[in-house]
Amino acid sequence: MATTANDLILGALRFINVYAPGESLDSADADDALQTLNDLLDSWSTDQSSVYASVENILTFTANQYQYTIGNYDAGTFAGTVTSGSPTITGVIVPSNLIANGDLSGIGIPDGATILSFNAGAGTITMSVSATLTPGVPLQIGYTIPGDFKIPRPLRVTNSFTRISTQGSGLDYPIEIISQERYIEIGYKAISAPWPIVAWYNPTMPLGTIYFYQNPSGGGELHLFTDTILTNLADLTQEVVLPQGNSRWIKRALGKELAPEYGRTWTPLKEKLWKEASDMVKSINQTRVPVARYDSELRSRNRTDAGWI
């Protein structure tokens, strides 16, 4: 279901009887409620029962590298001048933490622009695409710092496998996601093998870190499954597509958060309606097929993962 932040906020405020049907949203109320809404979405991302989907990230191993950083965080801004039709940003005091492949954003910079290279001595940065405008004055340009795996920093890694395409085989080999305790128990972590068999994810900041065992000697294609991050809404008009039931749940939950600010009583009826909406959504998100897990050393030596190769 497609909706906007404005619709969600108005629905929440009507639910607690602050606004009447048809009444337009006041700008001060909108700013406060949008911040509260984004705080809710941030919080729900940490709760697996509130997350409605998993994302399959298709990445590439680097041969003989078993530790990788994950993420792509906003690192700040720098001043520079862009010229229409040119990929070069000039007049830049290049930030010390700038690295290639980071994203760029600003006036005249197309969506998806990244850093190809930079020259601190010349004060220039080369983009992956050409600028679309010539503002004529230096602008503040935003940039990101990507990890080895340039995807949104995950809160959780839920599953993984390696796809080996040597000689067109296209075979998949599972990678078990293990705890820190189990990873620590591995005596020699750099042992080399065609593909890893386990991984441990540490959600460090600002970039997460994932460790694989065994060390992938030949590279390969990594499929990494992570929980969807519930994205913040930038403004009232931003459209967001939500699964069935989520719009109702968000309106009820946002109303519960906002009620004390407006001096509204959270009645038993409102609590019942909020809980009903919450339970319906979480019952879908929590649906899992039980899988038996046990130490791989207890298995028969008749390997089924082609680990003998």
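**View 1. Helices α4 and α5 meet through a set of residues.** Asn246, Arg248, Trp249, Arg252, Ala253 and Lys256 of α4 touch Glu271, Leu273, Trp274, Glu276, Ala277, Ser278, Met280, Val281 and Lys282 of α5. Contact means heavy atoms within 4.5 Å. Helices are DSSP runs of H or I with at least four residues, strands are E runs of at least two, and both are numbered from the N terminus. This is a predicted model, with pLDDT of at least 70 needed for local features and 80 or more for side-chain atom pairs, while totals for chains, interfaces and linings use all residues. Numbering starts from 1 along each chain as its sequence is written, and side-chain values use heavy atoms, leaving out hydrogens and water.

**View 2. The axes of α4 and α5 cross at roughly 140°.** α4 spans residues 246–258 and α5 residues 268–285; their axes come within 9 Å. Axes are lines fitted to C-alpha atoms, for helices over the stretch in contact, with angles from 0 to 180 degrees between N-to-C directions. The two helices are therefore oblique to each other. Angles under 35 degrees count as roughly parallel, over 145 as roughly antiparallel, 65 to 115 as roughly perpendicular, and the rest as oblique.

**View 3. Ser49 is buried in a loop.** The loop lies between α2 (27–45) and β2 (54–60). Ser49 counts as buried because its relative accessibility is 9%. Buried means under 20% relative accessible area, exposed over 50%, and partly exposed in between (1.4 Å probe, protein chains only). Leaving aside neighbours within four places in sequence, Ser49 contacts Lys282, Asn285 and Gln286.
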